Amino acid sequence: MALITTVEDLRILAKQRVPRMFYDYADAGSWTESTYRANETDFASIKFRQRVAVNLENRSLRSTMVGQEVAMPVALAPTGLTGMQRADGEILAARAAEKFGVPFTLSTMSICSIEDVAAHTSKPFWFQLYVMKDRAFIERLIERARAAKCSALVLTLDLQVLGQRHKDLRNGMTAPPKLTVANILNLMTRPRWCMGMLATQRRGFGNIVGHASDVSDLSSLSAWTSQQFDPALSWDDVEWIKRRWGGKLIIKGIMDPEDARLAANSGADALIVSNHGGRQLDGAQSSIAALPAIVDAVGSRIEVHMDGGVRSGQDVIRALALGARGVYIGRPFLYGLGALGERGVSKCLDIIRNELDLTMAFCGLRDVQDVDGRILLR
Ligand SMILES: Cc1cc2nc3c(=O)[nH]c(=O)nc-3n(C[C@H](O)[C@H](O)[C@H](O)COP(=O)(O)O)c2cc1C
């Protein structure tokens, strides 16, 4: 196996090891993928000021996100179907995050359930909530997250309707995969993945099967989920969820300063500037381009986090310099997981930590908490 030194190396290996349907599910944006691409490319135009002959001993990347200590200000983003990139994927990623000292966020649409991840980890993780029409189900999910001692709730607001991803339609994406001839041929070239899947029982949506009424098998499950995302979701629902949860609340999917004000007014602890990794509104600006105006609008009232297109420690520090308190990585950790399982997620975090640490040093700083706009050329 070739030496792995970048997130891109992990992506290439994941592409070889993960069945096409699930690799494509991760590595895709909606429609023309213009927002997906902009998320990455807009980072490259942000340039640093190099400083020299500054004491760079004893550097620190430690920080906090919503008041919780983090080894570096990078969390794992919630991603659906993570357990299809690799058998038991959510448990493996949560363990890697726990060992590293950064938050892992479990998606509502995960394969491993809340209880399952809690049973295989020892520190609290975060839980991401989608608002479904079945509010009784939402109440139970919140209760389950509380019982599992999740230390923050990430409430995603940008998926009332679904962006179209052509590749998923073409591949007939389902979990577990539909056994068409094309899929079987592709699975035969991924023996490692298949063996992992045969050895685990975790192959459906763990948070939903057995918990939502009327969901007993795969076909009733997909029918249920496709009509459960709530197009009528409003800020009143955010209020209601905040009251029911009572703990740290992070609002995900904010791209507009006006919505950022509403998020700050809601009393949430943080918001995430996010376009869902370019998977929803194609033609939206990149998250990193949207960040400064949102920091200007609400940065003094609420913690501002961001995600979308972060592929290196250099990108992390760019986002921090533009006012983010922390960032999330989605695809980078999925690539690590698909490539090498838990070890690959750890590798991804190590790569980013090393890049972040050295870039901070080149910019003449020793403490990540001192990073601000002064390290950038404007
Ligand atoms: C495969 C995949 C599945 C995702 N599933 C969810 C999800 O279930 N809930 C959610 O809030 N966001 C979801 N997202 C969005 C991520 O949380 C995050 O916003 C995005 O991946 C960040 O961009 P990046 O992948 O470029 O780092 C998903 C993203 C990907 C790539």
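Start by selecting β5 and strand β6 (residues 152-156): the two run parallel and are joined by five bridges. Strands here are DSSP runs of E at least two residues long, helices are runs of H or I of at least four, and both are numbered from the N terminus. Two strands count as paired when DSSP finds at least two bridges between them. Click on Y130 and look across to β6, where its bridge partner is T156. To get from β5 to β6, the chain passes through helix α6 (residues 135-147), and this β-α-β crossover is right-handed (with the strands pointing away from you, the path from the first strand over the helix to the second runs clockwise).

A word on ground rules: this is a predicted model, so local features need pLDDT of at least 70 and side-chain atom pairs count only at pLDDT 80 or more, while totals for chains, interfaces and linings use all residues. Residues are numbered from 1 along each chain as its sequence is written.

Now stay on β5 (residues 126-130) and show its side chains. Are they buried or exposed? Five of the five residues are buried, meaning 20 or more other C-beta atoms, placed from the backbone, lie within 10 Å of a residue's own. W126, Q128 and Y130 point one way, with F127 and L129 pointing the other.

Next, pick strand β4 (residues 105-106), which pairs with β5 in the parallel sense over two bridges. L106 stands opposite F127.

Zoom out to the whole sheet. Eight strands make up an open, parallel sheet, in the order β3-β10-β9-β8-β7-β6-β5-β4. At its edges sit β3 (74-76) and β4, each pairing on one side only.

Last stop: helix α1 (residues 7-17). Highlight its buried residues, V7, L10, R11, A14 and R17. They sit on the same side of α1 because they cover an arc of only 130° around the axis, taken from the directions from the helix axis to the C-beta atoms.

Methods
A residue is buried if 20 or more other C-beta atoms lie within 10 Å of its own, exposed if 12 or fewer, and partly exposed in between; C-beta atoms are placed from the backbone.
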